[in-house]
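Dear colleague,

Please find below the structure that I am handing over to you. My findings follow it.

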Amino acid sequence: MGNASERLIVGLDLPSLAEAERAVRELDGLVSFYKIGYRLVFASGLDFARDLAAEGKRVFLDMKLLDIDNTVAEGVESVAKLGVSMLTLHAYPKAMRAAVAAARGSNLTLLGVTVLTSMDEADLSDAGYSNTTPGELVARRARQALEAGMGGIVCSAAEAAAVRAIVGPGMAVVTPGIRPAGAERGDQKRVMTPADALAAGASHLVVARPIVAAPDRRAAAAAILSEMEAAA
């Protein structure tokens, strides 16, 4: 699955384009893969994503698309033109099938978001998913993503082993909610250390706050990369 620097995705969950550009400068030569989500997208982040891709960086565009089939397909077609590497959508079967058809022929890897790492069984119940656990719903959506021809899955590292058993070795298993030992959980409920996530079958680790909110971002990223390399 590549070396640690290719498997670490740093989440640029920052309030401004200037701050994101600063973070990339600070991590230059150490990190080559970045996640851009809602916060930065709504602060000129799409142009930034295009620029990073043009510079040879890999970009994970975390948009979690979900809409009618035609709208999802049109969105995927537009994203593919940006040159980014990965795009997320919620793992609903119809949306995934539409996205796969739209991305055909491009280099875009589509990732199905299963259950957000901020959610537990009580949250699922509140959302209308009664009598199911996060693990059960993740497994169901992983099977549906495999059947739809998706490129990978986004899930908690706690479910990575089960997902890997379902999807096999060929699909990406991207795990957010990664926290080095001793780090604050924040609003995450299903978390794991980098070493444990890799051991569970994750192909890529998404780390945001433990790096971008650190006093020394480069040192924080280097420590996580060292932990990943030790676990390889």
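Leaving aside its neighbours within four places in sequence, with which residues is histidine 204 in contact? They are Glu6, Arg7, Ile9, Phe33, Arg58, Met86, Ala172, Val173, Val174 and Thr175, where contact means heavy atoms within 4.5 Å.

This is a predicted model, in which local features need pLDDT of at least 70 and side-chain atom pairs count only at pLDDT 80 or more, while totals for chains, interfaces and linings use all residues. Residues are numbered from 1 along each chain as its sequence is written, and side-chain values use heavy atoms, with hydrogens and water left out.

Histidine 204 belongs to strand β8 (strands are DSSP E runs of at least two residues, helices H or I runs of at least four, numbered from the N terminus). Histidine 204 counts as buried because its relative accessibility is 9% (buried is under 20% relative accessible area, exposed over 50%, partly exposed in between, with a 1.4 Å probe and protein chains only). Both faces of β8 (residues 204-207) are covered, with His204 and Val206 buried on one side and Leu205 and Val207 on the other.

Strand β8 pairs in parallel with β1 (residues 8-11) over 3 bridges, and 2 bridges join it in parallel to β7 (residues 172-175); pairing requires at least two DSSP bridges between the strands. Leucine 205 stands opposite leucine 8 and is also the bridge partner of threonine 175.
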